[in-house]
Amino acid sequence: MSATPPDQLSYAQAVDELNGIIAELDSGLVDVDALTVRFQRAIDIIEDLDGRIRRARSKVDELAPRLDAISRSANDAPSLDDGADRP
């Protein structure tokens with residue numbers, strides 16, 4: 001078990017560890033004394049990953065209007081091929 005707090009793991013590391021814990025629990029070979037520790041670690045990782053996903057979604061929602069504005073501005077700009085620069 002990793003002693004590293006979930007928020008200090010990369011997203012990929014956290015997912016890998018979570019998958020390992022799930023495989024361990026699915027195997028049924030987890031010692032009863034370790035079961036609750038492993039289960040708690042899985043919950044801690046899931047909560048952290050959920051928070052990361054929520055924050056990322058919120059940031060994307062915040063940035064999306066800016067991208068839309070840039071796209072609209074680019075579509076409204078005169079084209080280089082429209083002859084505006086020709087005498």
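Arg52 lies in helix α2, which spans residues 32-76. Helices here are DSSP runs of H or I with at least four residues, and strands are E runs of at least two, numbered from the N terminus. The model is predicted, so local features need pLDDT of at least 70 and side-chain atom pairs pLDDT 80 or more, while totals for chains, interfaces and linings use all residues. Residues are numbered from 1 along each chain as its sequence is written, and side-chain values use heavy atoms, without hydrogens and water.

The protein has 2 helices and 0 strands. Of its 87 residues, 17% count as buried. Buried means under 20% relative accessible area, exposed over 50%, and partly exposed in between, with a 1.4 Å probe and protein chains only. Arg52 counts as buried because its relative accessibility is 18%. Beyond its neighbours within four places in sequence, Arg52 is in contact (heavy atoms within 4.5 Å) with Pro6, Asp7, Leu9, Ser10 and Tyr11.

Helix α1 covers residues 11-27, and its axis comes within 10 Å of that of α2. The two axes cross at roughly 145 degrees. Axes are lines fitted to C-alpha atoms, for helices over the stretch in contact, and angles run from 0 to 180 degrees between N-to-C directions. On the α1 side, the contact includes Tyr11, Leu18 and Leu25. On the α2 side, Phe39, Ile46 and Arg52 are among the residues involved. The residues of this contact divide into 13 nonpolar, no polar and 5 charged. Nonpolar covers Ala, Val, Leu, Ile, Met, Phe, Trp, Tyr, Cys and Pro; charged covers Asp, Glu, Lys and Arg; the others, Gly among them, are polar.
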